[in-house]
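Student: Please take one chain of this assembly and go through it closely. I would like its contact with a neighbouring chain, its fold and its packing in one connected account.

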Amino acid sequence: MGTTDTRAATVTDTVSDAPTTTAFHPPTPHPPEHVPADPSPDGLTVEPVPGRAREVVFEVTGLSVTYGAALAIDDVDLEVAANEITAFIGPSGCGKTTVLRCLNRMHDLTPGARVTGSVRYHGDDLYGAKVDAAEVRRRIGMVFQKPNPFPKSIYDNVAYGPRISREKGKLDDIVERALTRAALWDEVKDKLKKSAFALSGGQQQRLCIARALAVQPDVVLMDEPCSALDPIATSRIEDLMAELKRDYTIVIVTHNMQQAARVSDMTAFFTAELDEAGHRRGKLVEYDKTAAMFTSPSDSRTEGYITGRFG
Amino acid sequence: MALDLQPPPTRPSAPRLADERPPGIVVDTAFRWLAFAAGMLVLVILGLILYSTTEQAWPAFQAEGIDFLIKNDWNPAAGSYGALSFVFGTLLISVIALLIAVPISLGIALFVTEVAPSWLRRPVITVIDLLATIPSVVFGLWGAYVFAPWVLPRYEDLANAFSGVPVLGTLFNGTPVSARSFMTAGIILAIMVIPIVTSITREVFATTPAAQKEGAMALGATRWEMIRGAVFPHARSGITSAVLIGLGRAIGETIAVVLLIGSLPNKITAELFSPGDSMASVIVSQFGEASGTHRSALIGLGVLLFIITLIVGVIARGLIARSDRKLGLAR
Amino acid sequence: MTAATGVSHLGASPGRGLRKAKSSIATVTIVGAFVVALIPLALIIGYVIFRGASVINADFLTGEIAYSPRSPSGGIGPAIVGTLLITGAATALAVPLGVLGGIWIHEYGAGSRLAAFVRFLADVMTGVPSIVMGLFIYTFIVLNTKQTNGFAGALALACLMLPVVIRTTEEMLRLVPDEQREASMALGSRKARTIMRVVLPAATPGIVSGALLAVARAAGETAPLLFVIGFTFTTNSSLFTGGNTALPVQIYGNAASAFEAAQDRAWGAALTLIVLVFLFTIAARIVSALFVRKQG
């Protein structure tokens with residue numbers, strides 16, 4: 001998986017109408033700086049101020065994933081910037097979750113999965129020979145589609161991660177801080193020792209978010225985090241995401257285009273296409289600022305999906 | 001909601017991921033190797049069983065060669081170790097046991113899956129499982145002191161009833177002094193084998209696709225016709241495996257058999273009420289006093305038992321694996 | 001062909017009566033099969049209680065083994081101790097190793113041909129006769145160490161228990177949803193920690209239940225112990241020094257005897273053994289029931 005360092009030489013692709021190229025607007029290179037983005041008037045979506053430094057967290061080049069003989073996703077190029085919410089959208093089976101799981105090396109756990117191409121995390125090759133996958137996952141956390149708390153108490157769920165690295169500082173404080181950031185503390189502070197299963201679905205998902213935050217990650221990946229939840233719980237988590245992006249980088253896979261439009265700064269649209277042999281494979285079609293993509297998509301397939309003509 | 005807590009401590013913007021020795025890797029790797037070693041233990045033990053017992057049995061194998069298996073002359077005093085009668089005895093009691101146990105087990109399994117009302121299912125299964133927990137020595141004790149005296153007059157009746165009749169007369173010939181015989185051992189063995197055959201068959205019946213059963217009923221089939229038409233065909237290879245597993249259990253049973261079979265070597269006969277011997281039971285009855293080649297020969301019978309039960313077990317489980325694959329059950 | 005008119009023709013198909021009769025006979029036969037299986041269970045347990053209860057008293061349960069089968073006194077104290085010691089040691093050997101083996105098959109080896117092979121062999125190994133395990137330990141351990149003791153018996157029983165524990169563990173691990181493993185790994189946990197802190201705790205009740213059943217079976221085994229534990233008339237609480245005895249061994253020795261006193265002792269010991277085995281089986285069911293309640 002040898003790659004050249006692409007940071008020094010960014011190439012601006014011209015937008016074209018050919019369906020096979022991706023529309024890709026790379027940020028202008030700047031020395032990395034931790035620069036929080038400004039909140040917009042409604043407090044939800046954030047427009048990166050033009051010309052401001054945009055720190056790149058992930059740089060994905062030529063990423064493909066095969067499960068055994070089947071190609072799940074083919075040749076993806078995109079970037080994820082710090083303190084932004086990047087959304088992956090598209091119909092089912094187009095590889096969005098597959099790409100997401102590349103970002104924290106979850107495919108290591110799947111026998112038969114092969115990841116090719118390059119994923120750079122703050123400039124370092126995520127799949128380098130000496131990279132410790134467990135450390136990767138500590139820094140790049142994940143929240144799953146169905147809430148999956150451990151059959152333990154609320155406290156032990158949140159404390160699980162910190163206990164691994166024997167975090168300095170009192171566990172109680174770490175747990176409280178994480179639950180507060182996940183907007184769950186007030187609801188559970190009196191029943192920390194109760195089983196996690198005593199919580200409602202939405203609460204369980206916020207517990208999972210708290211659990212992920214407790215290890216103080218850099219990035220939080222979310223795989224359709226609201227798809228198992230009712231609309232009220234969903235909107236609470238969307239509010240939470242807007243708060244969280246102040247301090248974390250968030251990548252979210254979602255089935256719900258409106259959700260992507262509401263919360264994300266950048267959106268990547270994937271689709272599934274048939275190759276010559278008739279096998280399905282996922283491809284990245286378009287990647288743009290959310291506002292731009294939803295008002296004037298560059299690709300007709302994007303437009304078709306967004307306007308509801310398919311998918 | 002106001003977040004009046006301190007933000008997380010700032011980290012260097014390009015955090016290093018690669019470490020010389022990542023924390024926790026030692027314990028993780030050690031655990032993996034420990035688990036691997038435990039897994040390999042199965043292979044190691046099976047291999048050691050074969051090696052160790054064959055090594056000790058070798059003097060007898062060498063002395064007799066193939067006669068060990070095909071000669072019916074077990075006479076340790078004269079140095080002769082032809083074990084044919086024990087092989088015969090093992091087969092005979094196993095066949096008797098299966099002939100009795102399989103229909104009963106099928107019946108119980110059908111009862112539980114097709115006939116019994118749902119509140120009765122759990123208790124019935126519990127009863128059968130209880131039968132499985134009774135130690136074999138208790139079966140032997142009860143068989144020798146309760147069943148045998150009771151069944152003896154029945155044997156005499158049968159012998160009298162069929163005397164002179166062609167095939168059956170020979171089978172039930174003889175007025176046995178005690179009830180210790182192939183027949184008695186086979187009957188008690190049947191009781192011991194019923195739970196395992198029932199349990200496997202029950203699982204197989206329970207996985208009959210509901211669509212097939214409902215289809216049969218929708219065509220107007222009676223319950224029995226539905227069982228014959230939908231349940232049995234689906235369960236064919238499963239029943240075969242269950243029978244084979246029961247066979248393996250019967251072949252290896254030692255203590256109950258030794259207390260009931262009569263311990264009479266060199267007896268190859270069609271007379272079911274005759275005392276005899278089996279491979280497992282002769283090992284136990286003669287081991288204490290045996291030495292030298294005699295002991296090697298007894299261990300050799302153990303080797304034989306091991307190989308036979310391995311083969312039966314492999315066939316049985318291979319059948320299960322094949323039928324699981326056909327059903328699409330991922331294993 | 002006349003068309004059926006109205007409901008009155010529905011019951012009139014020819015041959016229906018015979019078919020129904022066959023089905024009823026089949027039903028009766030099937031029910032009969034169950035009753036037939038019930039009878040021996042009731043008779044055996046009933047008789048053991050009947051003949052054993054009168055023998056059991058404090059002296060019997062604690063007294064030493066009779067030196068002569070003819071002797072009217074004598075108890076099974078050493079046998080109870082021996083059974084508990086030997087079965088306990090076998091459990092201490094078989095359960096950790098079996099659980100680890102099951103962990104390897106499901107967590108580390110999943111999908112590989114080697115793991116499938118080992119699982120298959122473990123299945124087959126559950127069918128190896130107990131006398132063969134006894135002969136194995138005799139040839140491999142006793143002949144080499146030149147002594148018979150309780151530990152050799154424990155090894156033989158452990159060989160019997162091991163494949164059962166492996167299969168139970170593997171099946172219980174399979175019931176733990178993969179989402180749990182993913183959640184743990186996604187927090188930066190390594191595999192061993194995920195197994196020990198998340199997967200195994202979830203599978204533990206089922207594993208314990210299966211292990212208790214394996215212990216119940218091992219406690220009742222006679223043949224594997226006969227040639228390897230030697231004998232003793234007094235209680236021997238050492239597993240490694242000197243011969244030992246166990247309940248099933250005592251039952252066997254007394255059952256083969258012609259003297260009524262010995263036979264009485266056999267019944268008493270049989271009742272004791274059945275109670276012991278029954279306790280373990282009940283414990284297994286209780287644990288299993290708790291398991292269902294926790295998950296549900």
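Tutor: The contact between chain C and chain B takes 68 residues from chain C and 68 residues from chain B, where two residues are in contact if their C-beta atoms, placed from the backbone, lie within 7 Å. On the side of chain C that touches chain B, helix H1 (residues 16–53) gives the most, with 19 residues; helices (H or I, at least four residues) and strands (E, at least two) are DSSP runs numbered from the N terminus. By class, that side of chain C holds 50 nonpolar, twelve polar and six charged residues. Here Ala, Val, Leu, Ile, Met, Phe, Trp, Tyr, Cys and Pro count as nonpolar, Asp, Glu, Lys and Arg as charged, and the others, Gly among them, as polar.

This is a predicted model: local features need pLDDT of at least 70 and side-chain atom pairs count only at pLDDT 80 or more, while totals for chains, interfaces and linings use all residues. Residues are numbered from 1 along each chain as its sequence is written, and chains are lettered from A and ligands numbered from 1 in the order in which they are written.

Chain C has eleven helices and zero strands. Its C-alpha trace spans about 90 × 65 × 35 Å along the principal axes. The radius of gyration of chain C, taken over C-alpha atoms, is 26 Å, whereas a compact globule of 296 residues would have one near 19 Å, by the rule of 2.2 Å times the number of residues to the power 0.38.

Five residues of domain 1 of chain C are in contact with five residues of domain 2 of chain C; the domain 1 side has three nonpolar, one polar and one charged residues.

Of the 296 residues of chain C, 54% count as buried, that is, with 20 or more other C-beta atoms within 10 Å of their own C-beta, placed from the backbone. The largest nonpolar core has 281 residues, such a core being a set of buried Ala, Val, Leu, Ile, Met, Phe, Trp, Tyr and Cys residues joined through C-beta atoms within 7 Å. It draws at least three residues from each of domain 1 and domain 2 of chain C. Among the residues with the most contacts inside this core is C:Met161. Leaving aside residues up to four places away in sequence, C:Met161 touches C:Ala90, C:Ala94, C:Gly98, C:Ala214 and C:Ala218.

Conventions:
A residue is buried if 20 or more other C-beta atoms lie within 10 Å of its own, exposed if 12 or fewer, and partly exposed in between; C-beta atoms are placed from the backbone. Domain bounds come from an automatic or database domain assignment.
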